[in-house]
Amino acid sequence: MTLNDATAIQAKDLCFSWTENKPILNACTLEVPKGEFWMLLGTNGSGKSTLLRLLAGLLKPTSGTVALHSPVGFVFQNPDHQLVMPTVGADIAFGLVEEALPTLMLRLRVEEALSAVNLESFQRRPIYALSGGQKQRVAIAGAIARHCEVLLLDEPTALLDPDSQLDLVAQVQALVKHRGITALWVTHRLEELEYCDGAFLLEQGQVVDRGNPQRLKQRLMQSEESSLTQE
Ligand SMILES: Nc1ncnc2c1ncn2[C@@H]1O[C@H](COP(=O)(O)OP(=O)(O)OP(=O)(O)O)[C@@H](O)[C@H]1O
Ligand SMILES: [Mg+2]
């Protein structure tokens with residue numbers, strides 16, 4: 001499937017199940033406009049991570065199509081599952097191995113990516129000495145060094161304290177605004193919706209609502225309240 005210039009992420013009629021007779025995604029469709037920051041909401045087990053993996057091509061749908069502008073960067077919930085080298089600079093350079101860049105170019109790409117996430121002075125730091133928020137920024141710098149057009153982030157703030165959480169979401173918002181990157185961010189945390197351009201709500205394998213983040217936030221808060229009063 002080919003994409004027009006205005007859309008950077010598209011899923012059309014995606015179906016997927018892990019086990020027979022239990023569909024996780026059922027004709028799931030979404031589109032993220034190029035250069036925008038969108039979030040994906042849904043209850044535990046609704047299929048958000050599965051959808052993100054299908055978008056990234058890490059899983060194959062039973063039917064339906066996926067199209068994204070490339071390269072695509074993926075940021076996992078736990079950065080320790082993503083950062084593989086002993087130091088910050090080496091980890092980012094490792095992601096560029098396939099491009100076989102001349103040394104000077106490699107150095108420039110690593111420096112530029114680190115400065116994009118405000119970690120210029122961290123190049124020689126060991127990964128183990130970083131905070132969770134710093135590790136997530138290194139993971140994002142890896143995608144920036146590869147000149148990713150699309151960032152897919154699966155609850156990247158789940159393990160962070162509240163201050164680092166809001167720093168990270170603001171950082172991604174700034175990267176989207178200033179670099180024309182398109183980002184899709186999975187979250188449970190409604191306060192993060194302040195930073196995005198739009199949001200999707202995933203329920204029973206489909207996107208059942210999309211658009212204005214404030215409206216979706218109201219909808220979710222009301223449904224949480226009504227489920228509490230029913231208990
Ligand atoms: N590797 C797997 N094998 C079998 N079933 C899986 C696998 N991964 C996820 N599932 C099931 O698929 C459903 C959707 O899971 P998924 O992880 O996509 O949900 P999620 O919306 O990301 O949930 P959470 O908010 O807890 O992260 C769940 O019922 C889950 O148990
Ligand atoms: Mg998940």
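**Close-up views of a predicted model**

**View 1. Helix α1 and the shell around ligand 1.** Helix α1, residues 48–56, supplies 3 residues to the shell around ligand 1, the largest share. The model shown here and in the other views is predicted. The residues around the ligand are W18, I24, G42, N44, G45, S46, G47, K48, S49 and T50. Sorted by class, the shell around ligand 1 holds 7 polar residues, 2 nonpolar residues and 1 charged residue.

**View 2. The two domains of the protein.** Domain 1 is made of two stretches, 1–70 and 149–231, and domain 2 covers 82–148. Taken over C-alpha atoms, the centres of domain 1 and domain 2 lie 25 Å apart. Where the domains touch, domain 1 contributes 13 residues and domain 2 contributes 10 residues.

**View 3. The side of domain 1 that touches domain 2.** Two elements, β6 (150–154) and α5 (162–179), each give two or more residues to this side of domain 1. Of the elements here, α5 gives the most, with 6 residues. The side of domain 1 that touches domain 2 has 9 nonpolar residues, along with 2 polar and 2 charged ones.

**View 4. V138 in helix α4.** V138 belongs to helix α4, which runs over residues 132–145. V138 counts as buried because 26 other C-beta atoms lie within 10 Å, and the cut-off for a buried residue is 20 or more. Leaving aside residues up to four places away in sequence, V138 touches L83, V88, D91, L119 and L130. F122 is 16 residues from V138 along the chain, and the C-alpha atoms of the two are 9.3 Å apart.

Methods:
Residues are numbered from 1 along each chain as its sequence is written. Chains are lettered from A and ligands numbered from 1 in the order in which they are written. This is a predicted model: local features need pLDDT of at least 70, side-chain atom pairs count only at pLDDT 80 or more; totals for chains, interfaces and linings use all residues. A residue is near a molecule or strand if its C-beta atom, placed from the backbone, lies within 6 Å of it. Helices (H or I, at least four residues) and strands (E, at least two) are DSSP runs, numbered from the N terminus. Ala, Val, Leu, Ile, Met, Phe, Trp, Tyr, Cys and Pro count as nonpolar, Asp, Glu, Lys and Arg as charged, and the others, Gly among them, as polar. Domain bounds come from an automatic or database domain assignment. Two residues are in contact if their C-beta atoms, placed from the backbone, lie within 7 Å. A residue is buried if 20 or more other C-beta atoms lie within 10 Å of its own, exposed if 12 or fewer, and partly exposed in between; C-beta atoms are placed from the backbone.
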